[in-house]
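Me: I am new to this structure and would like to learn how to read a few of its features. Please take them one at a time.

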Amino acid sequence: MSNSWETIIGLEVHAQLSTESKIFCSCSTRFGDEPNANTCPVCLGLPGALPVLNWRAVELGARAALALGLRINHQSIFARKNYFYPDLPKGYQISQYDRPFSADGTLEIMTAERDEAGHAHEWKPMTVRITRLHLEEDAGKNVHEGLPDVDRYSYIDLNRAGVPLAEIVTEPDFRSSWEAYDYVNHVRRALQSVGASDADMEKGNLRCEANVSVRRKGETAFGTKVELKNLNSVRFMQKAVEFEVERHIKTLESGGRLTQETRLWDDRLSETRVMRSKEEAHDYRYFPEPDLPPLVVTDEFIATIGSSLPELPGPRAKRFGESYGLSFSDASQLTSDRSLADYYEQAVEASGGNARGAANWIRSELLRELEHAGLTADKSPVPADELGALVRLIDEDKISGKQGKDVLVEMFATGKSAGAIVEERGLVQVSDTGEIDRVIDEVIAANPNQLEHYRAGKETLFGFFVGQIMKASKGKANPKIVNERLKEKLK
Ligand SMILES: [Zn+2]
């Protein structure tokens, strides 16, 4: 692939706001209910029914906007976006158009290119400009599978019609599929951490679309763009963008022409296909929604929301890197979930300040146990203070790291403290040099042949002696001291 090309990507993310009821009526937003159970004259679009704005959606929209660095407008206008589709009973969607809820965001994210195996190299900061975040209602859903006579009928479930969404649109700032990938993950974590959205792509409460084009490096005009839809996971989005970039470059280099169109990602075939061309594009004939007054928010409202936000995952990962000396990937893993980040900070404190030790134990041992049990950090049977206490026992050479692993597994299974298990099992590590010397002498005396070979230059036998000593001490001897003393004695 020629690298004289530049990729241009802009993203649209639709996030479902975590309200209990819909944005313009009191129907439930619960996922998985009987089809059409949660509907009323408003969300069915019956004549004469009037929408009433759910203020909780505004609060959550504001949390989302501030978490992504946007400015909230004091006044925004709801508008009708007109189009006909079976899952849209009103014939229009209530959205926002020229006066959106919030605009002009700048968001700092971390991004890295990946190698063939998907490993990230060299994380670096990137600033993304977010054009706007506006509030709107979702449409219903056409169902074409799993019901009788689907070859003859289409089914419509309107439970989702009227569910509140925040649509988040960026400037065309991304230059690679991985930048787009890292942005969507950042947005997901930020929305989750402020409680604005569950942002779960599997449940469809976070969806994204990508606008992709390429141009020769140095050119300023944009190339023909393609809109990608049906991207059901962040990984699918990344793969679809990558596929499109290659298709564009191949087409242009062989003298072909591109058409502006909307394409869908087919993960089974690992390719995109045309959904509709520009000629079929909608003219939405937006106009202000006559049934809703302008949405007005005060400075006090914005300030109250702002002061109630927790520390966001991005800045928190940065702080973990600076004050705990963690690598970016370790820090972002530990801040990916708020309860895990809180757990980590408490464990560091309880360990007496061993930030790296606590990070290693959580990342390698605790997370494995949690994952196995299907638990999050706040439900861990091993409290953060106890994990810290375990790290401390190892730091103080009371037990070895190897013993520590067994102790953690037992703590997890029984809920007992590290101290209690160490005592019960008689695990205390022997660091008394006199006692260790005695065991070393015995082992050396019992293996005269090995000693002779070692002194003759076969240094690999050192490991043999360590093994014998650890065995003779039933694993209790402090390996660090064993190594030091043994070197001394074998001279
Ligand atoms: Zn309703």
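Me: Are C25 and C27 buried or exposed?

Reply: This is a predicted model, so the values are computed from it. A residue counts as buried when its relative accessible area is under 20%. C25 is buried, and C27 is buried as well.

Me: Which atoms coordinate the zinc ion?

Reply: The SG atoms of C25, C27, C40 and C43 do, at 2.3 to 2.4 Å. Along the chain, these donors follow the spacing C-x1-C-x12-C-x2-C.

Me: What arrangement do the four donor atoms make around the zinc ion?

Reply: For four tetrahedral donors, the ideal angle at a metal is 109.5 degrees. Here the four donor atoms subtend angles of 99 to 115° around the zinc ion, so the arrangement is tetrahedral.

Me: Now a helix. How many residues does α15 have, and how far does it reach?

Reply: Helix α15 covers residues 479-490, which is twelve residues. From its first C-alpha to its last it reaches 16 Å, close to the 16 Å expected at 1.5 Å a residue.

Me: Which residues of α15 are buried?

Reply: I481, V482, L486 and L490 are buried in α15. Seen down the helix axis, the buried residues of α15 fall within an arc of 145°, so they line one face of the helix.

Me: What do the buried residues of α15 pack against?

Reply: They pack against three helices: α12 (433-446), α13 (448-455) and α14 (461-472).

Me: Which exposed residues does the face of α15 turned away from its buried side carry?

Reply: That face carries K480, E484 and K487, which are exposed.

Me: Which residue caps the N-terminal end of α15?

Reply: N478 is the cap. One of its side-chain oxygens lies 2.9 Å from the backbone nitrogen of K480.

Me: Where is the place of P383?

Reply: P383 sits in the loop between α8 (355-373) and α9 (384-395). Its relative accessible area is 44%, so P383 counts as partly exposed. For a distance, take the C-alpha atoms: P383 and Q346 are 37 residues apart in sequence and 9.3 Å apart in space.

Me: And where is the place of D395?

Reply: D395 belongs to helix α9. At 41% relative accessibility, D395 is partly exposed.

Key: Residues are numbered from 1 along each chain as its sequence is written. This is a predicted model: local features need pLDDT of at least 70, side-chain atom pairs count only at pLDDT 80 or more; totals for chains, interfaces and linings use all residues. Side-chain values use heavy atoms; hydrogens and water are left out. Helices (H or I, at least four residues) and strands (E, at least two) are DSSP runs, numbered from the N terminus. Buried means under 20% relative accessible area, exposed over 50%, partly exposed in between (1.4 Å probe, protein chains only). Donors are N, O and S atoms within 2.8 Å of the metal (3.2 Å for Na, K and Ca); water is not among the atoms, so sites may look incomplete. Four donors count as tetrahedral if all angles lie between 85 and 135 degrees; four count as square planar and six as octahedral if opposite donors are over 155 degrees apart and all others between 65 and 115; anything else is irregular. The expected span of a helix is 1.5 Å times one less than its number of residues. The arc is that of the directions from the helix axis to the C-beta atoms. Contact means heavy atoms within 4.5 Å. A polar contact is a pair of N or O atoms within 3.5 Å; within protein, one must be able to donate a hydrogen and the other to accept it, and residues adjacent in sequence count only if both atoms are side-chain atoms.
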